[in-house]
Amino acid sequence: MGINSVMVDISPIRLVIHGGAGAIKRGKLKTELDHAYKQALVQSLTAGYTVLAAGGSSIDAVIAAIVIMEDSPLFNAGKGSVFSHTGRNELEASIMEGSTLMAGAVAAVTTIRNPILAAHAVMTKSTHVMLMGEGAETFAAEQGLAIVDPSYFYTQYRWDQLQKAMAKEHVLRDHDAGAATLLPDEHEKRGTVGAVALDRHGNLAAGTSTGGLTNKRFGRVGDSPIIGAGTYADNRSVAVSATGTGEMFIRAAAAFHTAAQVRLQHKPIADAANNVLAEIAAMGGDGGLIVLDAKGNHAMCFNTTGMYRGVIGNDGIARVGIFSEAETPAPEK
């Protein structure tokens, strides 16, 4: 090496995100809404990339990316979360670090502005893995996190979704169709958000945040805050974040099952993810998984018509997609 040579760090960095999967109808997604989603995904990718490019940790990159989506009313996470049957926004989130297998989660919270920050606080500032309800909110306040009035999470669109779901439930009940266990319309997008990241130190991390299901009952908790179901990260295998029908993802231990196939059976990451999605489909569920390994290889798999998603790596170019086509750079504002 010559005396004037410059050492360039070419260690791979990568961030992969999702903003929910579901039966997204191509013809019904208006151009301006398509543009808004893609720009929000780019903003999320850029926030996480800024952390990674500066040599920051994968955990911090995951948080930065997810906070952007929690603060956007477009996604079912943070502001813009769906309403439960009782008209409440009940939020969930989890995060996990691949180098230490440390993890944190919160569930059924109604006043924490950014649940992903609360999940991280549980991981780093407590001896627990999951806190829920008022206990999680008290803990978050003690850690100095932003606490908001529940009205902060309200959007008219999500409120209207609840009214439609309840009206449909009423009609089905009148026809004795077992509406007491009715799930949201299968044609609705599930806007759970998530991120997986690889930093320059070779460490993986994963995080997931959601408002859950429209019209959910009885303190229902989905897969998003459950380590091994909605979120998992292990440097020896992969980092995973899930979105979809949470009950089935829990039953399949979807995130851990994906990682276990890679680590123990040496499955390619896309094969592992698709195997899990096939099992979920056999149970009657659907959704998607984003997966990233310690070499920077990634997969974004889904068995729905679409999944809001994006990826950014060493070149700093944010590539996003919604339907089955390959991810591309988003159009300029």
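This is a predicted model: local features need pLDDT of at least 70, side-chain atom pairs count only at pLDDT 80 or more; totals for chains, interfaces and linings use all residues.
Let me begin with the conventions. Residues are numbered from 1 along each chain as its sequence is written, and side-chain values use heavy atoms, with hydrogens and water left out.

I turn to the aromatic rings. The structure holds 7 aromatic pairs. Rings of Phe, Tyr and Trp (its six-membered ring) pair if their centres lie within 6.5 Å; planes under 30 degrees apart count as stacked, over 60 as edge-to-face and the rest as tilted. Why is the pair of Tyr154 and Trp159 tilted? The planes of these two rings stand at 40 degrees, with the centres 6.3 Å apart. Tyr154 is partly exposed at 34% relative accessibility, and Trp159 is partly exposed at 29%. On this scale, buried means under 20% relative accessible area, exposed over 50%, and partly exposed in between, with a 1.4 Å probe and protein chains only.

A second pair, Tyr232 and Phe256, is edge-to-face, because the planes are at 85 degrees; the ring centres are 5.2 Å apart. Tyr232 belongs to strand β8 (residues 231–233) and Phe256 to helix α7 (residues 254–265), so this pair ties together parts that are 24 residues apart in sequence. Helices (H or I, at least four residues) and strands (E, at least two) are DSSP runs, numbered from the N terminus. Tyr232 is buried, at 11% relative accessibility, whereas Phe256 is partly exposed, at 41%. Elsewhere, ring pairs join Tyr37, Phe75 and Tyr308 in a cluster.

Two rings also have a charge over the face. Arg26 lies over Phe323, at 4.2 Å from the ring centre, and Lys79 lies over Tyr152, at 4.9 Å from the ring centre. The criterion is that NZ of Lys or CZ of Arg is within 6 Å of the ring centre and within 35 degrees of the ring normal.

Next, the helices. Two packed helices are described by the angle between their axes and the distance between the axes. Helix α2 (residues 58–70) packs on helix α3 (residues 115–125) at an angle of about 150 degrees, with the axes 8 Å apart. Axes are lines fitted to C-alpha atoms, for helices over the stretch in contact, and angles run from 0 to 180 degrees between N-to-C directions. This makes α2 roughly antiparallel to α3; under 35 degrees would count as roughly parallel, over 145 is roughly antiparallel, 65 to 115 roughly perpendicular, and the rest oblique. Among the residues that meet are Ile59, Ile63 and Val67 in α2, and Leu117, His120 and Met123 in α3. Contact here means heavy atoms within 4.5 Å.

Finally, the backbone. Which residues other than glycine have a positive phi? Ala108, in strand β3 (residues 103–109), has a phi of about 55 degrees and is buried, at 17% relative accessible area. Asn215, in the loop between β7 (204–210) and β8, has a phi near 70 degrees; this residue is also buried, at 5%.
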